Amino acid sequence: MAFLERRVVMDNKLQEQEEIEIFEQCLPQFLQDDINALVEGERTNSTLLDCLYCEVQASINVAFYGGMITEKEADFLRKKYLGLERQRQD
């Protein structure tokens with residue numbers, strides 16, 4: 001791979017990382033609260049994980065359909081916190 005190609009790949013990865021950091025800094029409070037509860041529930045092995053999981057899933061949907069986060073942000077959050085990846089149809 002040529003130097004210029006490596007530089008472009010590195011720049012794209014840095015840009016993606018910056019986007020990810022922004023995604024997580026600009027969440028609606030209700031969504032952030034639900035994510036925090038899920039993370040804490042996983043840490044403590046809560047018996048309510050199924051409920052916490054559903055709360056995060058619902059909050060992501062509310063934030064997305066309410067225009068508070070973008071589709072890309074919603075997809076990122078679903079993948080990171082719920083392990084879900086949307087299958088794209090060509």
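These are legends for a set of close-up views of one predicted model.

In this predicted model, local features need pLDDT of at least 70 and side-chain atom pairs count only at pLDDT 80 or more, while totals for chains, interfaces and linings use all residues. Residues are numbered from 1 along each chain as its sequence is written, and side-chain values use heavy atoms, with hydrogens and water left out.

View 1. The protein chain has four helices and zero strands, so its pattern along the sequence reads α-α-α-α. Helices (H or I, at least four residues) and strands (E, at least two) are DSSP runs, numbered from the N terminus. Of the 90 residues, 24% count as buried, where buried means under 20% relative accessible area, exposed over 50% and partly exposed in between (1.4 Å probe, protein chains only). The accessible surface comes to about 6,800 Å², and 53% of that belongs to carbon and sulfur atoms; these areas come from the Shrake-Rupley method with a 1.4 Å probe, and for residues only the protein chains shown count as cover. Take the contacts (heavy atoms within 4.5 Å) between residues at least 6 apart in sequence: 51% of them join residues at least 24 apart.

**View 2. The largest nonpolar core.** A nonpolar core here is a set of buried Ala, Val, Leu, Ile, Met, Phe, Trp, Tyr and Cys residues joined through side-chain atoms within 4.5 Å. The largest one has 15 residues, and L31, I35, I60, I69 and L77 have the most contacts inside it. Helices α2 (29–44), α3 and α4 (71–82) each give two or more residues to this core, with α4 supplying the largest share, five residues. Zoom in on L77 and, leaving aside neighbours within four places in sequence, you find it in contact with L27, L31, I35, I60, I69 and L82.

View 3. Not counting residues up to four places away in sequence, L38 touches L49, L52, Y53, V56, Y81 and L82. From L38 to E55 is 17 residues in sequence and 8.5 Å in space, C-alpha to C-alpha. S59, in helix α3, is buried too, at 6% relative accessible area. Beyond its neighbours within four places in sequence, S59 is in contact with F30, L31 and D34.

View 4. Searching the whole structure turns up one aromatic pair. The ring centres of F64 and Y65 are 4.7 Å apart with their planes at 65°, so the pair is edge-to-face. For the record, rings of Phe, Tyr and Trp (its six-membered ring) pair if their centres lie within 6.5 Å; planes under 30 degrees apart count as stacked, over 60 as edge-to-face and the rest as tilted. F64 is partly exposed at 22% relative accessibility, whereas Y65 is exposed at 67%. V62, in helix α3 (residues 49–65), is partly exposed at 47%. Together F30, V62 and M68 make a nonpolar surface patch of about 250 Å².

**View 5. The loop residue N45.** N45 lies in the loop between α2 and α3 and is exposed, with a relative accessible area of 61%. Its phi is near 55°, a positive value in a residue other than glycine.

Note on methods: Patches are made of residues with over 30% relative accessible area and no salt bridge: like charges are joined within 9 Å, nonpolar side chains (Val, Leu, Ile, Met, Phe, Trp, Tyr) within 5 Å. A salt bridge is a side-chain nitrogen of Lys or Arg within 4 Å of a carboxyl oxygen of Asp or Glu.
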